[in-house]
Amino acid sequence: MKYDILNRWTGKVQFTADIDCPESAVHSVKVGLAVLWAFKTGASLDGARLDGANLDGASLIDASLIDASLIDASIIGASLDGARLDRARLDGANLIDANLDGANLVGARLDRARLDGAN
């Protein structure tokens, strides 16, 4: 199915992901699959609205998520080594056991974020 990801600032379609899931799948699964599709295909995640994404266990090493909005996202056990999260909104995100080794979090918002066991 085709799934649109919007820009956090403009609300316009930033990219359309070609994901494999049923139309009835919950929003968090669709957004999570769209993020993985974008990462694999080189589509820009900078400034994307990815609120509520399910990225549990995802490998996003060296991903660029500058200015992205990941409010209330589930990122449990994900690998974000070297990721660019400058000015990203991670309010309420669940980053338990996530690997953030070398990640850039300058200016990122982490209000209510769970970082238990994160590296």
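Begin by selecting Ala118. Apart from neighbours within four places in sequence, Ala118 is in contact with Leu95, Asp97, Ala98 and Leu100. Please bear in mind throughout that this is a predicted model. Ala118 is located in the segment that follows H1. Eleven residues separate Ala118 and Gly107 in sequence, and their C-alpha atoms are 18 Å apart in space.

Next, select Asp86. Asp86 also belongs to the segment after helix H1 (27–41). Is Asp86 buried or exposed? With a relative accessible area of 6%, Asp86 is buried, because buried means under 20%. Show side chains here: that of Asp86 makes a polar contact with the side chain of Arg84, at 2.9 Å. Once neighbours within four places in sequence are set aside, the residues in contact with Asp86 are Leu65, Ile66, Asp67, Asn104 and Val106.

The next stop is the largest nonpolar core, which has 35 residues. Select Ile5, Leu50, Leu55, Leu65, Ile75 and Leu80, the residues with the most contacts inside this core. H1 supplies the largest share, four residues.

Which residues is Leu50 in contact with, leaving aside its neighbours within four places in sequence? They are Ile5, Val31, Val35, Leu45, Leu65, Ala68, Ser69 and Leu70.

Finally, turn to the aromatic rings. The structure holds one aromatic pair. Select Phe15 and Trp37: their ring centres are 5.9 Å apart and their planes stand at 20°, so the pair is stacked. This pair links distant parts of the chain, with Phe15 in strand S2 (residues 13–18) and Trp37 in helix H1, 22 residues apart. Phe15 has 7% relative accessibility and counts as buried, whereas Trp37, at 25%, counts as partly exposed.

How values were computed:
Residues numbered from 1 in each chain as written. Predicted model: local features only at pLDDT ≥ 70, side-chain atom pairs only at ≥ 80, totals over all residues. Heavy atoms only, no water. Helix = DSSP H or I, 4+ residues; strand = E, 2+ residues; numbered from the N terminus. Buried < 20%, exposed > 50% of the residue type's maximum accessible area, 1.4 Å probe, protein only. Polar contact = N/O pair within 3.5 Å; in protein donor to acceptor, adjacent residues only side chain to side chain. Contact = heavy atoms within 4.5 Å. Phe/Tyr/Trp six-rings, centres within 6.5 Å; stacked < 30°, edge-to-face > 60°. Core = buried A, V, L, I, M, F, W, Y, C linked by side-chain atoms within 4.5 Å.
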